[in-house]
Amino acid sequence: MEKVIRRALISVFHKEGLADILALLHKEGVEFVSTGGTSTFIESLGYPTVAVEDLTRYPSMLGGRVKTLHPAIQGGILARRSHEVDQQEVKDYGLSLIDLVIVDLYPFEATVASGASEEDIIEKIDIGGISLIRGAAKNYEDVVIVPSQADYGTLQSILEHRGAKTTLEERRHFARRAFAVSSGYDSAIFRWFDGGEATALRLTADQAQPLRYGENPHQKGIFFGDLSRYFTQLHGKELSYNNLQDIEAAVTLIQDFDAPTFAILKHNNACGCASRSTLLEAWKDALAGDPVSAFGGVLIANRPINKETAQEIDKLFMEVLIAPGFAPEALDILKSKKNRILLEQKSPIHSDWSYRSMLGGVLAQECDQAVETTAEMRCVTKVAPTDRELHDLVFATKLVKHSKSNAIVLAKGDQLIASGVGQTSRVDALKQAIEKAGHFGFDLHGAVLSSDAFFPFDDCVTLAAEAGITAIAQPGGSVRDADSIAAADKLGVAMVMTGVRHFKH
């Protein structure tokens with residue numbers, strides 16, 4: 001059922017984009033009711049406006065905290081047009097019916113992000129605006145609610161195409177948006193008051209990006225969030241559910257490296273990684289770690305891609321390439337494959353908590369921010385690791401942190417030699433890594449090993465020594481730590497304990 005807009009209440013923080021809407025409404029003969037700065041803005045455009053105070057017969061009070069919280073306003077919004085008792089009360093109390101409400105709330109989140117004082121933050125908790133939004137949305141059968149600046153364009157399009165008339169479907173759309181805005185706003189306020197204590201979970205996201213499909217083609221997939229905050233997609237097809245999982249694994253991994261580094265990921269695990277003095281060298285040595293698994297992988301670099309590196313990358317079929325920048329000639333080369341996804345990362349991604357749906361609920365945990373350095377590595381054997389081995393142990397431990405458990409990483413000279421990931425036993429993980437290293441022709445003599453958890457037995461120490469590995473990093477904490485240390489001493493292998501486990505499922 002179409003409804004005609006005859007009177008509009010407008011109370012907004014952001015005025016940008018409002019002028020065109022006002023012009024269209026004025027052309028249709030719509031009366032404006034407004035407050036404070038919005039009223040001044042409307043009048044500056046030459047349109048008459050009725051002050052809210054003229055309807056309520058009360059001035060704005062308490063420093064502007066109370067303006068629209070009045071029966072004359074809420075009654076004009078909530079009155080049901082087809083309800084006989086409501087309409088009688090409209091006459092009895094002299095209420096002015098309001099057909100359109102345009103609200104843009106105080107910028108609470110922006111104020112928090114600016115580092116403002118607690119007093120300023122509190123004053124940016126909108127009370128009247130939220131009440132207007134909820135009231136108008138509740139009565140969507142009769143009233144149009146535009147709940148944020150982001151919705152100005154939708155209203156403008158309706159006004160341009162059909163004048164001051166809306167359908168029930170359009171009003172219901174706006175009502176849905178209204179409760180999305182109000183719930184998101186309240187959640188942001190709660191999170192500020194909660195101060196990271198996680199006493200309750202309130203997550204909201206306005207952007208919903210449909211994906212080609214979920215993990216498998218028969219599953220629906222949606223991404224809730226704003227990818228443009230972190231990435232600019234320069235080329236390629238739409239991102240998939242699996243792409244996004246690999247991208248997150250890639251960006252969180254690369255953030256732990258400072259030297260020029262290239263990493264190749266497959267199914268959320270690094271299958272190649274190297275740090276070198278130049279990005280081209282890093283790419284070549286990352287690829288050498290496992291050129292088979294690299295096929296169709298997700299690539300990431302922490303330096304801009306130049307022409308020479310792009311020429312080498314172009315020889316490989318890959319799904320996604322992420323870098324902080326691309327030289328123009330590198331882009332020309334890499335864009336030769338139409339489906340190849342090229343992402344320019346604009347900023348680091350920092351999250352305090354990670355979440356996973358589970359058993360009809362949500363598991364939450366603090367993100368694993370630990371990055372071990374040589375200072376955190378405590379030597380527990382008679383033989384101490386050399387400076388070179390310590391350096392490689394730091395490199396390997398960064399990689400094992402981002403590998404699926406059970407995980408073993410073998411490294412040498414700032415290069416991932418091989419890894420064993422996602423195994424049901426630590427021995428199997430090590431055997432897998434050793435076999436893979438041999439398959440690709442790597443000499444493990446002088447290589448180091450990092451484990452994401454302690455050794456429950458000394459068998460991994462023996463296997464590592466037999467393969468030529470000379471230094472091991474593990475968190476320790478097993479009741480049989482003494483057995484592993486004794487085995488390392490007997491075999492002349494240096495062992496350090498980090499004290500931090502990095503299980504990743």
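This is a predicted model: local features need pLDDT of at least 70, side-chain atom pairs count only at pLDDT 80 or more; totals for chains, interfaces and linings use all residues.
Residues are numbered from 1 along each chain as its sequence is written, and side-chain values use heavy atoms, without hydrogens and water. Local features need pLDDT of at least 70 and side-chain atom pairs pLDDT 80 or more, while totals for chains, interfaces and linings use all residues.

**View 1. Strand 12 and its partner, strand 11, form a hairpin.** Strands here are DSSP runs (E, at least two residues) and helices are H or I runs of at least four, numbered from the N terminus. Strand 11 (residues 261–266) pairs with strand 12 in the antiparallel sense over six bridges; pairing needs at least two bridges found by DSSP. Look for L265 opposite A270, and for H267, which has a positive phi near 55 degrees. Seven of the seven residues of strand 12 (residues 269–275) are buried, so the strand is largely enclosed by the rest of the structure. Buried means under 20% relative accessible area, exposed over 50%, and partly exposed in between (1.4 Å probe, protein chains only).

**View 2. E2 and R162 meet in a salt bridge.** Such a bridge has a side-chain nitrogen of Lys or Arg within 4 Å of a carboxyl oxygen of Asp or Glu. Here the closest N and O atoms are 3.3 Å apart. E2 sits before strand 1 and R162 in helix 9, 160 residues apart. E2 is partly exposed at 43%, and R162 is partly exposed at 31%.

**View 3. D314 and R340 form another salt bridge, 2.8 Å from N to O.** Each residue lies in a loop, so the pair ties together parts 26 residues apart in sequence. D314 is partly exposed at 21%, whereas R340 is buried at 3%.
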